[in-house]
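Work through the exercises below with the sequence and the structure at hand. Each task is followed by a solution in steps.

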Amino acid sequence: MVSPVLPRNPPAASAIPLRAPDALALAERAQRYAALEWLSRPVWVFDIDHKRVHWANTAALSVWQAESLQALCARDMGRDMSGSVAQRLAQYQSDFAASDARFNEQWTVYPDGVPVSLNVRFSGHRLPDGRMCMLCEAEPVGSVAPESLRSVEALLHTAVMITLYGQDGHALYRNPAARAAVFQPDERLEDRVGDPAAYAALAASLASQGVGTLTLSVPTPTGQRWHELSARQCRDAVTGQHAVLVSEADISAIKRTEERANFQALHDALTGLPNRTHFMQRFAWAVSEAQAQGQEVALLFIDLDHFKDVNDTLGHAAGDQLLVTMAQRLRHAKRSTDMVARWGGDEFLVLVMSADIRKDLAALHDRISAAVSTPVRIGDVDARVTPSVGVALHPRDGDTIEILLRNADLAMYAAKDQGRDTMAFYDEHMAQTVRSRTELEAELRHALARQEFEVYYQPRVAAGSNAIMGVEALVRWNHPRLGLVSPDQFIPLCETTGLIRQLGLWVFARAAQQQVAWAAQGFDMVVSVNLSARQFMHPELLADLTRALQQAGADPKRLEVEITESMLLGHDPRQLAVLQSIAALGLSIALDDFGTGYSNLAYLQRFPIHTLKIDKTFIQGSDANRSLAELIVSLCQLMKLTAVAEGVETQEQLDWVVAQGIAQYQGYLYARPLPVGQFTALLKNRALGGA
């Protein structure tokens, strides 16, 4: 039995004022319940909705220590009613309305703060207005041990769900917490457990050991919950028959915490994709399934081309936004049977099982390429990356996840070497290529100290007269064993190893010194030097440039720095500040490879740019590309920028450049990049009128 704690004669009105019944209303109630007035035991009608006594006989007035029916009916019983009691009353009302339910329980009331224990019989009673109330018939409990009263109180207020089930599995008693967790008060234990196998295991444990426990998901009126159920064989204190006492604790919060922890352990925090651990666990299952079904397994290693440009120029928050978008697109590009995971940084993995692996990989690559290559709007910039994809097949290219990962990674680098935005399959020659790259990287770290780098120069000439107007400094590596190494091979390595700032500063210093030397010989030309994204955003850039100019004794107006438009993404105020500071030093600024990346005319208005170098793809490309180049030329003329055509290799291309009114050009047609000695000889030959 339970003992709800009822309020201690609250003096104030409830939050929603309810007027006390007037004399006429009380008279009507007295007449309606006149037959109950003659009973010697306390009887009252409780209005559950309004938390007030509706009517009480004289014996009940005595129990409640009320001087009159009007005074008792005026009391607001809900003012300090506990949540457990309010919940219990709502359960009563629901059960009364659903069936002819009756309850016998022990209650404690507190008139004037003095506890009075009663055995109360509850039944449903409808008022004339149709609302379901509660008829209460009480008997004094008599002398009860304090421990007994307190245990009953605890049973009522505890959040633990306590139910006593009879031999037939029906509930003999539920405390308020247990009643609130079921749809029907007579729900059987077997129905509560739900899963026949789990119930059978519980029953077997009860039969053999007298106790049993389960962790199960159960339906409740508030939704699906996780409960820890403990059952124990006992006897019904009323009948003496065998019974089962069940306690249930709601562990949903713990389960959610466990699920979150498990999810976080197996998924990437940024993108929500499976992480390395999850992927490697799934691999073993995929191989087993593929073997059972006669399928092949492929591992795809995806790297986002030019992602570093976005990170370096727009910032890491923009890079994270791009990664989240790419993760979503890869989810939609894969088939339902494929698994995509984030390996780290801008690298993703896809695990594919198929009976026709190469055909399905070709289709998958088309979807991945289309999805990833679509520009992503970040702020007011359309950022674009492309996927380089490496593929390793199981078991041809390896029978363990470690070997396949290594080989797929090698294939991905091969895809980059093939021009990016493509897919390459692993072959055994790639391992040697990587070994060579690793050796090259190790040797690169010592190349500066060993003075193995050399600056070459390519002239920038007037399109109409072929007069040399300037020169671009380009670094080359004279490797002691490999000979002249192309910048395409070592510049990316410098970027990844962090050597690019040191190398870039060295090139600028040598170019400044050479400009001074040529000027002393009568060849006063502008020398331009490329800046990498890492150099551009380095806090010591201006100090580095200033020091190099001072040490060379160079005129800043005769030097120019070249940056790419990808370095100007977004609205980072540092970009404008750096360019303004560079211009304040006296250096001019050229925008290199214009038109290939994130072309935005706002760059040309916001930043102090003097020269626009039109990428060679527009000069060497189709008529459609040349149409865009014509627009760029018109823009340069309008904004009084110097236009330079890059990559002019044929006379036809030069004729077109001249026809468009492009001021200057560079390219193999006039001269390849030359070491300083040969370039100086070229200058002297031109000065003497040589061809």
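On a 1 Å grid over the protein atoms alone, a pocket is an open set of points where a 1.4 Å probe fits, with protein on both sides within 12 Å along at least five of seven lines; lining residues have an atom within 4 Å of a point. Grid points are joined across faces, edges and corners, and a volume is the space filled by probe spheres set on the points. The model is predicted: local features need pLDDT of at least 70, side-chain atom pairs count only at pLDDT 80 or more, and totals for chains, interfaces and linings use all residues. Residues are numbered from 1 along each chain as its sequence is written, and side-chain values use heavy atoms, with hydrogens and water left out.

**Exercise 1.** Describe the second largest pocket and its lining.

Step 1. The volume of this second largest pocket is about 780 Å³.
Step 2. Its lining has 30 residues, and N104, A171, L172, Y173 and R174 lie nearest the centre.
Step 3. Helix α5 (83–98) is among the elements that give two or more residues; α5 gives the most, with six. Helices (H or I, at least four residues) and strands (E, at least two) are DSSP runs, numbered from the N terminus.

**Exercise 2.** Determine how α13 and α14 are arranged.

Step 1. Helix α13 (residues 316–333) packs on helix α14 (residues 357–373) at about 150°, with axes 9 Å apart. Axes are lines fitted to C-alpha atoms over the stretch in contact, and angles run from 0 to 180 degrees between N-to-C directions.
Step 2. The two helices α13 and α14 are therefore roughly antiparallel (over 145 degrees).
Step 3. In contact (heavy atoms within 4.5 Å), M326, R329, L330 and A333 of α13 meet L364, R367, I368, A371 and V372 of α14.

**Exercise 3.** Locate P395 and R420 and describe their backbone.

Step 1. The peptide bond from H394 to P395 is cis, with omega near 5°. P395 sits in the loop between β16 (386–394) and α15 (401–417).
Step 2. R420, not a glycine, has a positive phi of about 70°. The loop between α15 and β17 (423–425) holds R420.

Definitions and conventions
Parallel < 35°, antiparallel > 145°, perpendicular 65-115°, else oblique.
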